[in-house]
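Open your viewer and get the selection tool ready. We will walk through this model one stop at a time.

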Amino acid sequence: MAEIRQRRPVAPPEQSTEAFPSAVEEEAEDETILGKDFKWSSWQTWPMWLRFAPAWITLLIIGAVTYWDYHVTEYGLDMRTYESCVATFNYTYRINAARHQAEHHAVHSWEYGTTTEAVLELVNPERAVFAGNPFPNDEVEMQGWKLDQALIWVYQNIATHNETLFPSDDFSATDPASLGIAAVMVGRRWDVYMEAAERQKEYLLQSAPRYINSAISHRRHATELWSDAISMFPPFLAYYGVHKKDFALLKESVRQIQLYRDVLSISKGPTKGLWKHVVGPAGEKSMADEGPWSTGNGWAAHGMARLDRWIGEILDAAIATDDGGDESGLLRNYLGQGSWFGETSGTALLTATTYRMAVLNPSVFAQPKYLDWAHAKRATIAARVDDDGFAPPAVNPLKHSSRDSVRESPEGAAFLLMMGAAWRDCVCKGICDPADQGQVDFARPALRESGESGVKEGL
Ligand SMILES: *[C@@H]1O[C@H](CO)[C@@H](O)[C@H](O)[C@H]1NC(C)=O
Ligand SMILES: *[C@@H]1O[C@H](CO)[C@@H](O)[C@H](O)[C@H]1NC(C)=O
């Protein structure tokens, strides 16, 4: 202690005399760049560029890291979190163009419902039906201060004062219910939508015609079961059942799927496990169609969401009957029927379902048998998505039995969103390997050039 006290008064003069000559030299040199009054020790005398130097260096580093992330790393994919993966995911085809087409061309009830689900899966996967937990606290989540994009787009097309959510649909009893999940979501903010959802449920359970086994008919003015209906009303009944904590309603949604399966599932022969498209009594207005329509099987499998075994039956049979189409590499419009053209709508929806199942039940579905197949189908479809966001050839969505495919299918565009979102979630949840881009199946240049007219039978 004594030593320190003694040294204090002595040391400073010594140091300052020693440092003096060199300090003068430095300051003389600094004057030209840094200005007359510059002193290292006094921050206020620094020129602006020097004061902000740390900011420039930080910006430079951020720029370099960003550049590295996007252009130098192999896939530009940031796998640190699910959210960062989604944000950096490369869908490899024009998925936003497809979204525009799905939204722009929707006019029918099921097109509104399907596109809403597809856009939710794409933009708000945490709230879509396939989310890890779409019901935190056993509740449909409140919307934030701004509605989800999909709901903003759709809500004005949901009727709030009618028997069903889409009263201008006079053909189908179940298609308007495809708007039911959106109505419940919007209904968390505005009661009229929840009341409309209640009426839609009442219509389905009390008024809609029933098939002989008490399955709810897909048609209003005939009793017919269509595989399409599985994507239209059971998900709504289940979702509304969770919201109302109405367990009976949940059970009814499963029972309805079972009743449909009892009638539509093909029990023997090479297409065993697939679903017929339409079954109903014969008659003048009958639209019966016993063929395993590709898109219909997609509607059925995708709509079942979590009934793994039955979905597995359909996927197994779709894979087993996949003969590479007419060398398009796509599934045929009627599965296992060699005279039909390959088309993208059913293929995309069944591919989306495969990816969803790989995430929901990896021990069964995250196997090469399913994933290699899905990757190949996806790559084949992706190679066909054009600059406008359409993927020809697609089945005519208003005439499933047409031998002419179309280019512009609104539901087909929605399926492209579902396929992209399902693949992305498979990658971002660590199930699918991001490096596995899939091989285009059986693609022949001549077929791809066939363009708008699509691939015709016998090509
Ligand atoms: C996304 O993937 C496609 C096909 O692999 C590639 O051509 C394209 O450059 C990629 N885009 C970006 C932004 O990395
Ligand atoms: C729907 O409800 C409104 C208001 O009650 C009514 O004016 C309209 O005619 C109804 N539309 C149909 C197709 O029933």
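## A short tour

Start with ligand 2 and show its shell by residue class: 2 nonpolar residues, 3 polar ones and no charged residues. To see which residues these are, select Ala159, His161, Asn162, Pro167 and Ser168, the residues around ligand 2.

Before the next stop, colour the protein by pLDDT. You are looking at a predicted model, with a mean pLDDT of 87 for the protein. Of its residues, 86% reach 70 or more.

Now select residues 1-21, where pLDDT stays under 50. For this stretch the model has 0 contacts beyond four places in sequence. Then jump to residues 443-459, where pLDDT also stays under 50. Here the model has 33 contacts beyond four places in sequence. Where pLDDT is low, predicted coordinates should not be read in detail.

For the last stop, select helix H5 (residues 95-105) together with helix H6 (residues 109-123). How do the two helices lie relative to each other, roughly parallel or roughly antiparallel? Their axes come within 10 Å and cross at roughly 150 degrees, over the 145 degree cut-off, so H5 and H6 are roughly antiparallel.

Finally, show side chains where the two helices meet. From H5, pick Arg99, Ala102 and Glu103; their partners in H6 are Thr115, Ala118, Val119 and Leu122. Coloured by class, this contact of H5 with H6 has 4 nonpolar, 1 polar and 2 charged residues.

Terms used: Residues are numbered from 1 along each chain as its sequence is written. Chains are lettered from A and ligands numbered from 1 in the order in which they are written. This is a predicted model: local features need pLDDT of at least 70, side-chain atom pairs count only at pLDDT 80 or more; totals for chains, interfaces and linings use all residues. pLDDT is the predictor's confidence in each residue, from 0 to 100. Two residues are in contact if their C-beta atoms, placed from the backbone, lie within 7 Å. A residue is near a molecule or strand if its C-beta atom, placed from the backbone, lies within 6 Å of it. Ala, Val, Leu, Ile, Met, Phe, Trp, Tyr, Cys and Pro count as nonpolar, Asp, Glu, Lys and Arg as charged, and the others, Gly among them, as polar. Axes are lines fitted to C-alpha atoms, for helices over the stretch in contact, and angles run from 0 to 180 degrees between N-to-C directions. Helices (H or I, at least four residues) and strands (E, at least two) are DSSP runs, numbered from the N terminus. Angles under 35 degrees count as roughly parallel, over 145 as roughly antiparallel, 65 to 115 as roughly perpendicular and the rest as oblique.
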